[in-house]
Amino acid sequence: MRAARRSPSPAPNRRRVLLAGGALGLGALLTACGDSGSSASGKNGKGGGGGGSWRFRDDRGKTAATEEHPKNIVAFISAAAALHDYGIECKGVFGPSEPVGGKPNPQAGELNLKGLTSLGTEWGQFNIEKYAALEPDLLISNMFPAPALWYVPEESTEKIASLAPTVGISVARTSLKEPLKRYTELAASLGADLETERVRAAKARFHRAERTLRKAAEANRGLKVMAMTGTADQMYVAVPDSYCDLNYFKDLGIEFVEGKKSDEWGFWEFLGWENADRYHADLIMIDNRTSALPAKELAKKPTWNKLPAVAAGQTIPWPMEERYSYAGYAPVLERLAAAVEKSKRLKR
């Protein structure tokens with residue numbers, strides 16, 4: 001359980017990444033490049049894609065700095081997808097990006113992966129030679145939690161950090177509003193125009209969805225929602241306050257099953273499948289990552305099929321590593337609102 005990261009398969013490795021994605025033990029602090037400084041700077045203090053130096057203070061309190069504006073950006077897949085929503089393109093990505101069931105990987109957002117170099121798609125995969133060949137100016141990833149960079153191998157952190165400055169955005173134990181704000185600031189520092197019709201429309205849609213979800217939660221007060229993931233041996237019930245999205249949904253009125261922290265990282269309560277019915281839930285949010293136990297495997301668990309929400313068909317995918325942009329999260333809020341509206345409170 002300490003190794004906290006995991007690749008999609010086989011089962012032992014699945015368990016490792018699963019836990020970390022909500023994250024159990026992460027590796028050592030990635031050596032940071034740069035010094036402390038202002039939050040973000042660039043042309044007119046807002047970025048600007050032209051020449052000149054660039055600086056950005058990340059959520060580790062470290063300032064990434066380059067003598068020229070970053071052009072060759074490499075990022076964790078969902079971070080690259082978030083930046084794409086603001087018009088900032090990356091040259092390389094790492095993390096899960098392969099299609100799932102013939103459909104685009106949910107973590108890839110609207111990225112055109114054909115034009116990007118992948119440094120690895122599974123936990124522990126990060127091709128340093130490919131990375132160096134990209135002549136990177138900047139590496140960006142999320143943190144579950146800080147200070148380690150998600151999907152950057154612990155044993156290679158110093159070597160990777162020596163090739164380009166790094167930026168980490170914290171996405172744990174806070175409200176969703178915080179990483180949404182930080183990615184907006186990061187994109188602006190890199191030259192994004194926040195006043196384009198596309199960007200403004202995405203933010204407006206997000207706020208409409210926010211109001212819709214709040215209204216749905218109020219109308220169906222008392223509905224119990226559980227967020228979970230699983231491996232062959234165990235079911236994991238999320239501790240809502242450890243996840244920025246669930247934390248935020250609580251603020252909007254969603255009533256969650258509160259998993260109890262099973263270790264010092266505090267992201268999950270670990271349950272054997274024989275105890276899958278410990279909590280009653282009317283609606284279940286199921287981890288949709290490629291590293292999570294898929295629906296066809298969940299269906300093989302007798303105790304899973306007996307859960308009232310499963311039997312009633314009151315389940316919904318949980319995009320727990322959705323890209324942190326308004327364009328990424330507006331549909332998430334809309335789908336959750338629709339599920340809450342149609343779900344009924346069930347008997348045990």
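Predicted model: local features only at pLDDT ≥ 70, side-chain atom pairs only at ≥ 80, totals over all residues.
## Helices H2 and H5

A second pair is formed by helix H2 (residues 77–84) and helix H5 (residues 177–189), whose axes come within 10 Å and cross at roughly 65 degrees. That angle makes H2 roughly perpendicular to H5, and the crossing of the two helices is right-handed.

From H2, the residues Ala-79, Ala-82 and Leu-83 make the contact, while H5 contributes Tyr-183, Leu-186 and Ala-187. The contact of H2 with H5 has six nonpolar residues, with no polar and no charged ones.

H2 is largely enclosed by the rest of the structure, because eight of its eight residues are buried. The buried residues of H2 are Ile-77, Ser-78, Ala-79, Ala-80, Ala-81, Ala-82, Leu-83 and His-84.

The elements that cover these buried residues include both strands and helices: strand E4 (73–76), strand E5 (92–94) and strand E7 (138–143) are among them, as are H5 and helix H6 (197–219).

## Backbone features in the loops

Most residues other than glycine have a negative phi, and most peptide bonds are trans. Against that background, two peptide bonds and two phi angles deserve attention. A cis peptide bond joins Phe-144 and Pro-145, with omega at about -5 degrees, and another cis peptide bond, with omega at about 15 degrees, joins Ala-146 and Pro-147. Pro-145 lies in the loop between E7 and helix H4 (157–161), and Pro-147 is likewise placed in the loop between E7 and H4.

Glu-135, although not a glycine, has a positive phi of about 50 degrees, and this residue is found in the loop between helix H3 (128–133) and E7. With a relative accessibility of 59%, Glu-135 counts as exposed. Arg-173, which is not a glycine either, has a positive phi of about 55 degrees and is found in the loop between strand E8 (166–170) and H5. At 42% relative accessibility, Arg-173 counts as partly exposed.

## The chain as a whole

The secondary structure of the protein chain comes to eleven helices and 14 strands, and of its 348 residues, 56% count as buried. The protein chain exposes about 14800 Å², of which carbon and sulfur atoms supply 49%.

Among contacts in the protein chain between residues at least 6 apart in sequence, 73% join residues at least 24 apart.

Key:
Residues numbered from 1 in each chain as written. Heavy atoms only, no water. Axes fitted to C-alpha atoms, helices over the stretch in contact; angles between N-to-C directions. Helix = DSSP H or I, 4+ residues; strand = E, 2+ residues; numbered from the N terminus. Parallel < 35°, antiparallel > 145°, perpendicular 65-115°, else oblique. Left-handed = near helix turned anticlockwise from the far one by under 90°. Contact = heavy atoms within 4.5 Å. Nonpolar A, V, L, I, M, F, W, Y, C, P; charged D, E, K, R; others polar. Buried < 20%, exposed > 50% of the residue type's maximum accessible area, 1.4 Å probe, protein only. Areas by Shrake-Rupley, 256 points an atom, 1.4 Å probe, with all protein chains shown as cover.
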